[in-house]
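Me: I would like to learn how to read the fold of one chain and then a contact between chains. Where do we begin?

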Amino acid sequence: MVIECSRVTKRFGSQVVVDELDLSVPAGGCFGLLGPNGAGKTTTLKMIYGVTAPTEGSIRVFGEDVTKHPRRVRARLGVTLQENALIEVLTPVENLRVFGRYHLLSEAKLDDRIPDLLDFLDLRSHAHLPVVALSGGFQRRLQIALSLVNEPELLILDEPTTGLDPAVRLALWSRIGELRARGTTVLITTHYMDEAERLCDRLAILSEGRRLVEGSPRELIDAHLARAAVEIDQDPAHHASLLARLNGVHHLKAGRRLMIYGDDGPALLEAVQRAGGDPAGLVSRPSNLEDVFLALTGTGLDGDA
Amino acid sequence: MKVSPRHALAVWKRNFALYRRTWMLNLLPNFFEPILYLVSMGIGVGAYITEMGGTSYIAFIAPGLVAVAAMNGASFEVTYNAYVRMNYEKTYEAMLTTPIQPEDVLAGEILWAMTRATLYGGCFLLVIAAMGLASPGRALIALPLVPLTGLLFAAIGIAFSLRIPTLDLFSFYFTLFLMPLFLFSDVFFPLEERLSGGWLQLAEVLPLLHPVRLMRTAFDGTLSAQVAWDLAYVAVLSLVLLWMAARITRRRLTA
């Protein structure tokens, strides 16, 4: 295991942010931490890279107690924080050089490493412009490049693609795939279910500092919901009568949206239409992680939590 | 945790890389500050003063202004700049994802503040030597006092920055702390001729007074027991404040 958290609790005063969390991240995979804002994801990451000590419990990274050997552990991992921390007046090349020195990499080593990173994250065309002149996508890619400067065995990404356009997200996902293919372990937090389904072999859903479930995306969907979903966008006043006519079907509500689950998609759609679901507001689709999240926490992932 | 000199140096290099790009905007203007005082007070006001402390007025204020240049150089860095790096730019948060520890961050920042103090104080010493207000030998003796003054004011400034809840309070620090120090620490007139017994003893708390006296001693070469007291004051206050700052830095950065 690259990361082993056992019964980890973090309290700030009387506030419990992480509550007896058990987490095991095996080498080579991509592990996702999902949860609404305030679920304890970032605090968990901070404890894993050893900047914040757990109040109780133990964390081993690469088999070492991270609270005792933070320098040694951090030399072997890279972290992309939620917020970029770039030096705006300097260029990507200069930022990489400054960050590489934090890892005590020699100037000669950096001369070798920096062009590789620029290529890997498609930064070469903007390598010598001040960061302040770069778009959000470029800045984010540079931030990720910084966290790769020491060739980490473990890459920790805290909401890496929040606020990025779809093209940049797709490009980043493929880079993360390449890193995994080279054997890098990836630990990622995200609000985006599509991102988690696409990248993660395993994931844990956190809520209020507790782990609700853990498994592969497919396992989680299969364990908690039927395969098909019909989504209804309709005035909530009509939800009750519709559900009464559908007679005890598994469902979830999120504002105007009502989700109904069943094993057979077409049959489910037909049943909903017969029960009076407004055809204009109906979407038939496979169940996904977002449904699982909703089922487990009763909150949508991208906002109202 | 102990400071790792190489990691502290990496923090220092971060600031060096930044100022290598922006020195014209951020460093250059302050070079002129002590020169302006020297000209206005030394030559302007000095024209009406036949002598002070046994020399011309311009020669009297020159050593004190070297200490002031060092004080200001260190102060800018550990106040606004360090506060913004800690609270807004997330610079330290990013550093702490690498093997760098909070104590390294503090050491690197203090070292950088001392560097900036030495740049200002050192350049001003050159100007003074060029104007014939200090012999090259005396200027060389005064030189190590410049980073020492920087250390003291880096320690005071960072201790303040770590304790305030909002950036706005720096205006108090500059206007109601550094400014009075500048005006009442033996730079422009000899305190011992203007204050009576009890007040004179109380004035010993003023942090700038000690670097100014040390600087004056380096310039005129009259050693006395007071030098030991001044050096001890600077060393002890710096170390106590840095020890405190190290504890707060760790607490703040590892929360």
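Reply: With secondary structure: chain B has 12 helices and zero strands, where helices (H or I, at least four residues) and strands (E, at least two) are DSSP runs numbered from the N terminus. This is a predicted model, in which local features need pLDDT of at least 70 and side-chain atom pairs count only at pLDDT 80 or more, while totals for chains, interfaces and linings use all residues. Residues are numbered from 1 along each chain as its sequence is written, and chains are lettered from A and ligands numbered from 1 in the order in which they are written.

Me: What is the radius of gyration of chain B, and what does the globule rule give?

Reply: The radius is taken over C-alpha atoms, and the rule is 2.2 Å times the number of residues to the power 0.38. For chain B the radius is 19 Å, close to the 18 Å that the rule gives for 255 residues, so chain B is as compact as a globular protein of that length. Its C-alpha trace spans about 60 × 40 × 35 Å along the principal axes.

Me: How many residues does each chain bring to the contact between A and B?

Reply: Two residues are in contact if their C-beta atoms, placed from the backbone, lie within 7 Å. Chain A brings 20 residues and chain B 22. On the chain A side, α2 (70-74) and α3 (92-102) each supply at least two residues.
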